Structure formats: C-alpha cells, structure tokens
Amino acid sequence: MPVFSRFRTGDVNPESGLFLCTGCGEIIPLSKGERFPPCADCGSTTWMMVALAGEAGRKYQTGTRSPVSGLFICTNCWGQIIPIARDEVFPPCASCKEGTDWQLIVSA
Ligand SMILES: [Zn+2]
Ligand SMILES: [Zn+2]
C-alpha cells in the first residue's frame, strides 16, 4: 500500500497507519479493517495515508539537525512537504515563512 494513497469516509482500511485529513491536516491512526470516519474536526471525507504503522510521527524543529532521512510535513500549514537527508538542518517552511515543527511522514 503506497504512502499518499487516498481514501474516502466509509472505505474499509486495507493497511494500519496514519491518515491525514486533506481538509484540515488532522492526523488519525486507523487500524486495518476499520472504516474511515468523517473528520471530527472539519467534516471532510477524504483521507491520505501519510505513514505506515510503526513509523513514528516524530516532530523536529526548524534549526535542528535531522537524525533520519525522509519526507517531512510542516505542522503549521500542512501544505509543505520537504525531503531532508540525515544531518541536514530543518529549514523554515517556504509556504508559511516561519519556523515550524516538521513531522516525519515517511523515512527514506
Ligand atoms: Zn479535517
Ligand atoms: Zn508551513
């Protein structure tokens, strides 16, 4: 099951993982076999898989060095996804122009 697959409310989840509401950025864990709910925050019915179960949603601040390579999403605007190599320093977000927490969505 590729990361970034999209699902709709009512679909049966084929793979345990973390899912991002494409409406507001809320992230929920959902187990295999469960049905996708509507978003409790904004009512959106579209979810995007952002991590498989077991991969942490660890957060790292702008200015700190990354201990892992991977793709990270800005937790401020939820609109910016950047690749970071191990030992690279997390930049400010190019979208919201601020220091932010970058959340690991998939390690490389
Ligand atoms: Zn939402
Ligand atoms: Zn941002």
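**Starting from a cysteine**

Guide: Cysteine 74 is buried, as its relative accessible area is 0%. Please keep in mind throughout that this is a predicted model.

Visitor: Okay, and which residues coordinate the zinc ion (ligand 2)?

Guide: Cys74, Cys77, Cys93 and Cys96 coordinate the zinc ion (ligand 2), each through its SG atom, at 2.3 Å. Along the chain, these donors follow the spacing C-x2-C-x15-C-x2-C. Cysteine 74 belongs to strand β6 (residues 70-74), while cysteine 96 sits in the loop between β7 (81-84) and β8 (101-107), so this pair ties together parts that are 22 residues apart in sequence.

Visitor: What geometry does the site of that zinc ion (ligand 2) have?

Guide: The site is tetrahedral, with angles of 100 to 122° among the four donor atoms of the zinc ion (ligand 2). For comparison, the ideal angle for four tetrahedral donors is 109.5 degrees.

Visitor: And what holds the zinc ion (ligand 1)?

Guide: The zinc ion (ligand 1) is coordinated by the SG atoms of Cys21, Cys24, Cys39 and Cys42, at 2.3 Å. The site of this zinc ion (ligand 1) is tetrahedral, with angles of 101 to 116°, and its donor residues are spaced C-x2-C-x14-C-x2-C in sequence. Because cysteine 24 lies in the loop between β2 and β3 and cysteine 42 in the loop between β3 and β4, the pair ties together parts that are 18 residues apart in sequence.

Visitor: Switching topic: why is strand β2 said to be largely enclosed?

Guide: Strand β2 (residues 17-21) has five residues, and five of the five are buried, so the strand is largely enclosed by the rest of the structure.

Visitor: Which strands does β2 pair with?

Guide: Four bridges join β2 to strand β3 (residues 27-30), and the two run antiparallel. Five bridges join β2 to strand β4 (residues 46-52), again in an antiparallel arrangement. Leucine 20 can be followed in both directions, as its bridge partner in β3 is isoleucine 27 and its bridge partner in β4 is methionine 48.

Visitor: What about the turn in the hairpin of β2 and β3?

Guide: That hairpin has five residues between the strands, and glycine 25 there takes a positive phi near 90°.

Visitor: Which residues other than glycine have a positive phi?

Guide: Tryptophan 78 is one of them, with a positive phi of about 55°, and it is found in the loop between β6 and β7, where it is partly exposed with a relative accessible area of 25%. Lysine 97 is another, with phi near 60°; lysine 97 is found in the loop between β7 and β8 and counts as exposed at 68% relative accessibility.

Notes:
Residues numbered from 1 in each chain as written. Chains lettered and ligands numbered in written order. Predicted model: local features only at pLDDT ≥ 70, side-chain atom pairs only at ≥ 80, totals over all residues. Heavy atoms only, no water. Buried < 20%, exposed > 50% of the residue type's maximum accessible area, 1.4 Å probe, protein only. Pairing = 2+ DSSP bridges. Donors = N, O, S within 2.8 Å, 3.2 Å for Na, K, Ca; no water. Tetrahedral: all angles 85-135°; square planar, octahedral: opposite > 155°, others 65-115°.
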